[in-house]
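The entries follow in the order in which I looked things up.

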Amino acid sequence: MINSSKDQNSNPSTSSKQMLIGLHLGNGYGSQPGAWRMPGVDPESYTSFDARARQAQAAERGKFQFIFLPDGPGAVMSDIATESPNFNLDVMMTLAAVARATEYIGLVATGSTTFNEPFNLAKQFKALDIMSHGRAGWNAVTSSGNDVAANYGRKIPSSEDRYGRAHEVIQLIQALWGSWGKDAWVHNQHTGQFAKESQILPIYFQGKYVGSRGPLYIPPSEQGQPIIFHAGGSPNAHELAGRFANAVIGSAFTIEDARAQRHAFREAAKRYGRDPDEIKYIPGLMTTIAKDRRTALDRRILLTQHTFGQRVSYLQQMLSIPLDAALLDQPLSKQQLADARPSRYDPRSSHALKIAKEGWSLKDILAHGVIDYHPVIVGPGIEAADHMQEWFEAGAADGFWISPDVNADGIDAFADEVVPILQQRGLFHKDYEGKTLREHLGAPDQYGIDPRV
Ligand SMILES: Cc1cc2nc3c(=O)[nH]c(=O)nc-3n(C[C@H](O)[C@H](O)[C@H](O)COP(=O)(O)O)c2cc1C
């Protein structure tokens with residue numbers, strides 16, 4: 001079951017270890033609005049499984065440990081007149097296509113514990129694990145928002161019910177994964193024994209929210225069973241991840257916030273008798289990598305200038321001063337800078353003010369990505385490497401999930417301009433340690449339910 005001797009990361013500080021890197025594959029174009037219209041981008045990437053396979057191959061060339069596909073489930077189509085939906089056509093089908101085109105990289109997708117039957121999730125993720133020879137990871141999230149629930153004809157349940165169900169769904173799925181014993185599949189053509197019947201057993205799981213008789217009909221993969229990821233920020237999320245997850249897909253704008261989140265997940269793992277190093281906290285990082293800051297800013301302007309009108313009005317709230325969208329080419333005046341106060345309602349505001357005080361024009365301030373979903377690097381590769389090193393060594397991250405601005409060339413830019421610097425600094429591996437996701441993460445062996453939790 002659990003073999004803790006395989007967990008080599010017993011040092012609670014991150015300094016002696018190497019970081020993990022994941023790639024956010026998203027809708028196939030990239031993380032910036034306008035990515036689908038960039039020169040050199042196939043405008044049909046949204047429906048192209050070949051494009052996803054190529055992008056995953058680029059990440060594998062950069063030795064990324066995994067790719068990550070978020071899922072709505074059920075994208076909101078508010079900007080559909082001008083923008084692609086944020087999500088994938090179907091995360092499992094995409095990962096199946098990618099599995100056949102890659103050899104090492106881990107394949108992680110979101111699967112909602114609220115809007116799926118556990119038996120279906122169990123078979124899909126374990127089949128992907130078999131197909132990819134042990135590279136599957138399941139980002140088990142509870143989902144939020146009534147717009148998602150509406151696609152299932154429902155209202156979003158309370159946090160208590162979402163997380164109550166999630167605890168049961170993960171246990172049930174891990175029980176199903178373990179219901180086909182590790183050595184049960186014999187497939188001996190001479191003796192005629194296909195499998196050991198005594199090692200393929202029902203699970204008879206019945207909880208408050210979900211149940212299953214089992215067994216599942218799928219044998220173990222090279223890594224036994226898929227790895228559990230989680231994404232969520234509430235105390236209930238800490239508890240769920242602390243109990244089950246080997247990695248957390250996070251979101252944090254400052255080192256202090258990331259450290260606090262990482263600490264909360266590690267403490268939760270300890271409460272379940274686990275080694276805190278078994279749970280890796282992986283916040284996001286968005287990138288526009290170019291030869292210098294000016295070139296990178298110009299690329300971001302080309303990508304996102306159609307949003308600037310709307311973003312200037314939001315920036316006014318972040319800085320608590322009036323701004324004029326007609327003066328995009330000018331820096332803020334001395335008076336504006338003197339009056340500006342970072343909003344306490346948006347954690348990105350202090351950083352936005354810092355950039356404004358450096359004297360950049362209004363459009364350059366926006367092009368720095370001060371209103372994006374994660375910290376943003378707009379500049380040469382060394383700036384990304386410095387950011388990652390600083391967070392990693394401060395105990396704020398065990399790795400990063402990278403959202404390039406445009407996938408068609410942004411993944412290659414990261415692999416060519418950032419990865420070699422991290423490798424030279426000894427912060428990132430030079431090659432894959434093995435072929436399974438469990439090996440890439442240094443996660444302990446587990447088959448079936450972890451008996452400690
Ligand atoms: C970094 C990050 C990534 C997330 N990715 C997804 C996702 O792919 N699909 C989804 O339905 N929800 C996703 N969520 C939302 C979570 O499922 C959850 O509903 C949300 O964080 C609220 O959870 P809470 O009740 O713990 O605060 C994500 C959350 C975070 C912080």
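**Entry 1: overall fold**

I began with contacts, taking two residues as in contact if their C-beta atoms, placed from the backbone, lie within 7 Å, and found that 76% of the contacts in the protein between residues at least 6 apart in sequence join residues at least 24 apart. I note that this is a predicted model, in which local features need pLDDT of at least 70 and side-chain atom pairs count only at pLDDT 80 or more, while totals for chains, interfaces and linings use all residues. Residues are numbered from 1 along each chain as its sequence is written.

I looked up the secondary structure and found 16 helices and eleven strands, where helices (H or I, at least four residues) and strands (E, at least two) are DSSP runs numbered from the N terminus. The C-alpha atoms fill a box of roughly 80 × 45 × 45 Å along the principal axes. Buried residues make up 48% of the 453, a residue being buried if 20 or more other C-beta atoms lie within 10 Å of its own, exposed if 12 or fewer, and partly exposed in between.

**Entry 2: helix α2**

In α2 (residues 91-101) I listed Val 91, Thr 94, Leu 95, Val 98 and Ala 99 as buried. Seen down the axis, these buried residues fall within an arc of 140°, so they line one face of α2; the arc is that of the directions from the helix axis to the C-beta atoms. The general rule is that an α-helix has 3.6 residues a turn, so residues three or four places apart point the same way. The buried residues of α2 pack against α1 (49-61), β2 (66-69), β3 (106-112) and α3 (118-131).

**Entry 3: helix α9 and what follows**

I checked the length of α9 (308-319) next: its twelve residues should span 16 Å at 1.5 Å a residue, and the end C-alpha atoms are 16 Å apart, which agrees; the expected span is 1.5 Å times one less than the number of residues. Arg 311, Val 312, Leu 315, Met 318 and Leu 319 are its buried residues. They cover an arc of only 115° around the axis, which puts them on the same side of α9, whereas Gly 309, Gln 310 and Ser 313 are exposed on the other side. The buried residues of α9 pack against α11 (349-357) and α12 (362-367).

Ser 320, which follows α9, has a positive phi, near 60°. I placed Ser 320 in the loop between α9 and α10 (334-339), and with 14 other C-beta atoms within 10 Å it is partly exposed.

**Entry 4: other backbone geometry**

Most residues other than glycine have a negative phi, and most peptide bonds are trans. His 133, in the loop between α3 and β4 (136-141), has a positive phi of about 55° although it is not a glycine. A cis peptide bond joins Gly 214 and Pro 215, with omega about -5°, and Pro 215 is found in the loop between β6 (211-212) and β7 (227-230).
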